[in-house]
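Let's walk through how to read a model, one feature at a time.

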Amino acid sequence: MKKEPRQLKRKRNLLIAEGVSEVDWKDVNLLRKFISDRGKIRARRVTGLTPQQQKQVAVAIKNAREMALLPYP
């Protein structure tokens, strides 16, 4: 009896789905989707972003934290 390999579900790129080309640190509602419930930035493999988009999101979250719009972990 052989087991069939699991089909991996492709992660949905949230930035493309929302039509965002540049990530802005003032868009707190969008940035909250990339933060875990403990306040940590979610990994690329979880969010499904490209490396460039992940870097933009990380920098935007860090800037928003400096401006006290988002919590630190």
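Q: What is the mean pLDDT of the chain?
A: pLDDT is the predictor's confidence in each residue, from 0 to 100. This is a predicted model, where local features need pLDDT of at least 70 and side-chain atom pairs count only at 80 or more, while totals for chains, interfaces and linings use all residues. Residues are numbered from 1 along each chain as its sequence is written, and side-chain values use heavy atoms, without hydrogens and water. Here the chain's mean is 92, with 100% of residues at 70 or more.

Q: How many helices and strands does the chain have?
A: Elements are DSSP runs numbered from the N terminus: helices (H or I, at least four residues) and strands (E, at least two). This chain has four helices and zero strands. Its radius of gyration (over C-alpha atoms) is 15 Å, well over the 11 Å from the globule rule (2.2 Å times the number of residues to the power 0.38) for 73 residues, so the chain is more spread out than a compact globule.

Q: Is Gln-54 buried or exposed?
A: Buried means under 20% relative accessible area, exposed over 50%, and partly exposed in between (1.4 Å probe, protein chains only). Gln-54 has 14%, so Gln-54 is buried. You'll find Gln-54 in helix H4, residues 51-66.

Q: Which residues is Gln-54 in contact with, leaving aside neighbours within four places in sequence?
A: Contact means heavy atoms within 4.5 Å. For Gln-54, the list is Ile-41, Arg-42, Ala-43, Arg-44, Thr-47 and Leu-49.
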